[in-house]
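Hi everyone, thanks for making time this morning. I'd like to walk you through one structure, so please have a look at it while I talk.

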Amino acid sequence: MSKHKYAWKPYLARGLKKTYPPKAILFHQGEIGNGFYYLEDGEVKIQLTSFKGDERIIDIVTPGELFGEAGIKKEPYFSTAYVMKPSTLFYFSNEVFQQICKEHPSAIDIFLQSLIRKERLLAEIVAQENRSFEQKLAFFLLKLYNKNKDTNIAINQISLSNYIGTSRITVYKILQQWEKKEIVTVSNRSIQINDLNRLRAILNDDIVIPSVD
């Protein structure tokens with residue numbers, strides 16, 4: 001488990017606890033925020049819409065993480081947050097956040113570290129734009145593994161196609177190639193990573209797998 005997971009848990013008593021059903025929208029891209037969220041249970045996807053109107057999943061929030069940090073600066077959210085499964089969240093307004101930081105200065109560092117991770121994530125995604133679909137897929141799976149330290153990635157192929165910006169058929173063909181090479185095992189709603197080193201090698205161009213159209 002990543003060391004930043006659950007770091008905000010000591011401050012949950014100060015937040016507003018809410019439960020949401022699947023498909024609920026927590027905030028829209030471009031909406032001016034006044035706070036941020038902590039996911040206690042469930043799953044939330046972060047989706048970005050480009051100037052061309054293309055929708056891309058850029059992150060999947062799992063329990064123990066903060067998200068929507070831009071809202072605390074009363075700036076527009078850079079993405080849209082959708083609830084993927086029944087979820088329990090805590091909302092922290094700007095005013096509550098300031099009170100927490102006055103009483104617990106260490107909270108500032110936890111928040112800033114989370115914000116920095118999101119900025120790095122965006123930079124990494126931009127850096128992947130000109131890479132092959134295979135490399136984009138390897139990058140996303142490895143990112144989810146590094147977040148949870150679990151080789152079983154609970155995600156469907158539609159979400160994967162939304163992330164790398166291609167069709168579900170292309171994702172299916174890539175995964176079929178990887179499965180034949182025993183890099184992954186594919187089931188209905190999950191991807192089991194069998195060989196992390198070979199997946200990293202794909203990302204780093206050490207293994208060449210033919211492009212899939």
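Predicted model: local features only at pLDDT ≥ 70, side-chain atom pairs only at ≥ 80, totals over all residues.

**Starting from R56**

Residues are numbered from 1 along each chain as its sequence is written, and side-chain values use heavy atoms, with hydrogens and water left out.

Back to R56, which lies in strand 4. Helices (H or I, at least four residues) and strands (E, at least two) are DSSP runs, numbered from the N terminus. With 17% relative accessibility, R56 counts as buried; buried means under 20% relative accessible area, exposed over 50%, and partly exposed in between, using a 1.4 Å probe and protein chains only. The side chain of R56 also reaches the backbone oxygen of N162 at 3.4 Å. That is a polar contact, a pair of N or O atoms within 3.5 Å; within protein, one must be able to donate a hydrogen and the other to accept it, and residues adjacent in sequence count only if both atoms are side-chain atoms.

Now to helix 4, residues 157-164. How many of its residues are buried? The count is 6 of 8, so helix 4 is mostly covered. The buried ones are Q157, S159, L160, S161, Y163 and I164. At the start of helix 4, a side-chain oxygen of N156 comes to within 3.2 Å of the backbone nitrogen of I158. Just after the helix, G165 takes a positive phi of about 75°.

How do helix 4 and helix 5 cross? Their axes come within 8 Å and cross at roughly 105°. For those who like the details, axes are lines fitted to C-alpha atoms, for helices over the stretch in contact, and angles run from 0 to 180 degrees between N-to-C directions. Helix 4 and helix 5 are therefore roughly perpendicular to each other; angles of 65 to 115 degrees count that way, while under 35 is roughly parallel, over 145 roughly antiparallel, and the rest oblique. On the helix 4 side the contact is made by Q157, I158, L160, S161 and I164, and on the helix 5 side by R168, V171, Y172 and L175.

**Helix 1**

Next, helix 1, residues 94-103, whose buried residues are N94, V96, F97, I100 and C101. Why do these sit on the same side of the helix? They cover an arc of only 160° around the axis, the arc being that of the directions from the helix axis to the C-beta atoms. What covers them includes strand 3 (35-49), strand 6 (80-93) and helix 2 (106-128).

**Salt bridges**

Let's turn to charges. A salt bridge here is a side-chain nitrogen of Lys or Arg within 4 Å of a carboxyl oxygen of Asp or Glu, and by that rule there are 6. In one of them, E103 pairs with R14, the closest N and O atoms being 2.9 Å apart. E103 lies in helix 1 and R14 in the segment before strand 1 (16-20), so the pair ties together parts that are 89 residues apart in sequence. R14 is partly exposed, with a relative accessible area of 32%.

Another joins K147 to E65, with closest N and O atoms 3.5 Å apart. K147 is in helix 3 (residues 133-148) and E65 in the loop between strand 4 (55-61) and strand 5 (66-67), 82 residues apart. Both K147 and E65 are buried. The pair also belongs to a network of salt bridges linking D59, E65, K143 and K147.

Then there is K118 with E69, at 2.8 Å from N to O. K118 sits in helix 2 and E69 in the loop between strand 5 and strand 6, 49 residues apart. Here K118 counts as buried at 12% relative accessibility, and E69 does too at 3%.

**Two backbone angles to check**

Last item: most residues other than glycine have a negative phi. K23, not a glycine, has a positive phi of about 80°. K23 is in the loop between strand 1 and strand 2 (25-27), and counts as exposed at 73% relative accessibility. E182 has a positive phi too, near 65°. E182 lies in the loop between helix 5 (168-180) and strand 8 (184-186), and is exposed at 60% relative accessibility.

Notes. Contact = heavy atoms within 4.5 Å.
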